Amino acid sequence: MDWKRIIVAIDESPRSTRAVEYVGGMLGQRQDIFVCLLHIYPEPPPDWYRSGATLEDYRDARVGEAADLFARAKTILAGHGLAAAAVTERCLMAEGKTISAAILDMQVREHYGTIVVGKRGIPKAEEFLFGSISSALVHTGRDVAVWVVSG
């Protein structure tokens, strides 16, 4: 795996923005970096369909929300000198799996060597009960560097 092929998993949290800032600050001037901004969203809640909405409606709404996240992240990375051609974006639904498993599936399938995530900052008791994405990536990822950015 090539560490220079980097997934930056993003969501609407400030910690996610901090992770993008970190990547930009660390690697923005390099010309040999490839960054994929990745937004994974959960499957629709069971009551989603009760109003007559479709899976396509759900996906369209999530993709629309992700477009704003991607635009902000690209602006941050460009501000640090990362070339626009070095940044791609993906918005995927975690179909039948956890968000961390969906990230790792893409990492393996597309040969990324580094995953960057923001630390969610959940209480220890909640992390023990429900786990966290960053913890799952660190503990289950194989042949990959995982950068967990806090702050």
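I started at Gly-118, which lies in strand β4. Helices (H or I, at least four residues) and strands (E, at least two) are DSSP runs, numbered from the N terminus. Before going on, I noted that this is a predicted model, where local features need pLDDT of at least 70, side-chain atom pairs count only at pLDDT 80 or more, and totals for chains, interfaces and linings use all residues. Residues are numbered from 1 along each chain as its sequence is written, and side-chain values use heavy atoms, with hydrogens and water left out.

Is Gly-118 buried, exposed or partly exposed? Its relative accessible area is 21%, so I put Gly-118 down as partly exposed. The classes are buried under 20% relative accessible area, exposed over 50% and partly exposed in between (1.4 Å probe, protein chains only).

I then listed contacts (heavy atoms within 4.5 Å). Leaving out residues up to four places away in sequence, Gly-118 touches Arg-15, Ala-19 and Val-149. I also checked Thr-17: Gly-118 and Thr-17 are 101 residues apart in sequence, yet 7.8 Å apart in space, C-alpha to C-alpha.

Ser-134 came next, and I found it in helix α5. Ser-134 has a relative accessible area of 10%, so it is buried. With the same rule on sequence neighbours, Ser-134 touches Val-117, Lys-119 and Val-148.

**The sheet**

In what order do the five strands of the open sheet run? I read β3-β2-β1-β4-β5, with parallel pairing. Two strands pair if DSSP finds at least two bridges between them. The edges are β3 (87-93) and β5 (145-149), each pairing on one side only. Direction ignored, neighbouring strands of this sheet are turned by 25° against each other on average.

Helix α1 packs on the sheet and touches β1, β2, β4 and β5. The direction of α1 makes about 120° with that of β5; axes are lines fitted to C-alpha atoms, for helices over the stretch in contact, and angles run from 0 to 180 degrees between N-to-C directions.

I zoomed in on one pair. Strand β1 (residues 2-9) runs parallel to β2 and is joined to it by five bridges. Val-8 has Leu-37 in β2 as its bridge partner, and Ile-7 stands opposite Cys-36 in β2. Strand β2 has seven of its eight residues buried, so the rest of the structure largely encloses it.

**Pocket and cavity**

I ran through the voids next. On a 1 Å grid over the protein atoms alone, a cavity is a set of points where a 1.4 Å probe fits but cannot get out; a pocket is an open set with protein on both sides within 12 Å along at least five of seven lines, and lining residues have an atom within 4 Å of a point. Points are joined across faces, edges and corners, and a volume is the space filled by probe spheres set on the points.

The largest pocket holds about 450 Å³ of space. Its lining has 22 residues, and Ile-10, Asp-11, Ile-40, Ile-99 and Ile-133 lie nearest the centre. Elements giving two or more residues to this lining are α1 (14-27), β2 (34-41), α2 (55-79), α3 (99-109), β4 (112-118) and α5 (133-140). Which element gives the most to the lining of the largest pocket? I found β2, with four residues.

Looking for cavities of 30 Å³ or more in the whole structure, I got one. About 60 Å³ of space lies in the largest cavity. Its lining includes Ile-10, Asp-11, Ser-16 and Thr-17. Both α1 and α2 give two or more residues to that lining, and α2 gives the most, with four.

In α3, I marked Ser-100, Ala-102, Ile-103, Leu-104, Met-106 and Gln-107 as buried. The buried residues of α3 pack against β1, β2, β3, β4 and α5.

His-111 sits in the loop between α3 and β4. Though not a glycine, His-111 has a positive phi of about 60°. At 49% relative accessibility, His-111 counts as partly exposed.

Asp-143 made my list too, with a positive phi of about 55° although it is not a glycine. Asp-143 lies in the loop between α5 and β5, and at 65% relative accessibility I logged Asp-143 as exposed.
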